[in-house]
Amino acid sequence: MERLVINSIDEYGNEVLFEVIATYHDDKLNKDFIIYTDKTYDEKGKLNVYYSLYEKCDNNIKLINTENSEERKIGLMLIKEIMKNMISAMN
């Protein structure tokens, strides 16, 4: 299965590729969340995983920073749940 990839430009003008892990629509907030990784690891050897709100624009995805604590809370909860499910599926 082919993975969805996001092309982005960092603050230095370099192209960065992110692989989408999952998307989620929250009915309460009526907002869409996306979880993605740049396939890099932190100093403890853990995969760097990020989340954002997103909007679909034609065939593009526009990433939006989470603006309030409820959005951040849902995003972090989503990351934890999906990663837990992925680890369980691998065992």
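Student: Why does Glu19 count as buried?

Tutor: Glu19 comes out at 17% relative accessibility, and buried means under 20% relative accessible area, with exposed over 50% and partly exposed in between (1.4 Å probe, protein chains only). So Glu19 counts as buried. Bear in mind that this is a predicted model, where local features need pLDDT of at least 70, side-chain atom pairs count only at pLDDT 80 or more, and totals for chains, interfaces and linings use all residues. Residues are numbered from 1 along each chain as its sequence is written, and side-chain values use heavy atoms, with hydrogens and water left out.

Student: And what makes Lys39 exposed?

Tutor: Lys39 has 54% relative accessibility, so it counts as exposed.

Student: How do you know that the side chains of Lys39 and Glu19 meet in a salt bridge?

Tutor: The N to O distance is 2.8 Å. A salt bridge is a side-chain nitrogen of Lys or Arg within 4 Å of a carboxyl oxygen of Asp or Glu, so the label follows. Lys39 lies in strand E3 and Glu19 in strand E2, so the pair ties together parts that are 20 residues apart in sequence. Strands (E, at least two residues) and helices (H or I, at least four) are DSSP runs, numbered from the N terminus.

Student: How many salt bridges does this rule give?

Tutor: The count comes to 2. Lys84 and Glu81 meet in a salt bridge too, at 3.6 Å, N to O. Both residues lie in helix H1, 3 residues apart, about one turn of the helix. Lys84, at 48%, is partly exposed, and Glu81, at 38%, counts as partly exposed.

Student: What makes E2 and E3 a pair?

Tutor: Two strands pair if DSSP finds at least two bridges between them, and 7 bridges join E2 to E3, which run antiparallel. Thr23, for instance, stands opposite Ile34 in E3. E3 and E4 also pair in the antiparallel sense, over 7 bridges.

Student: What makes up the largest nonpolar core?

Tutor: That core has 10 residues, among them Ala22, Phe33, Tyr51 and Ile82. In soluble globular proteins, nonpolar side chains tend to be buried together.

Conventions
Core = buried A, V, L, I, M, F, W, Y, C linked by side-chain atoms within 4.5 Å.
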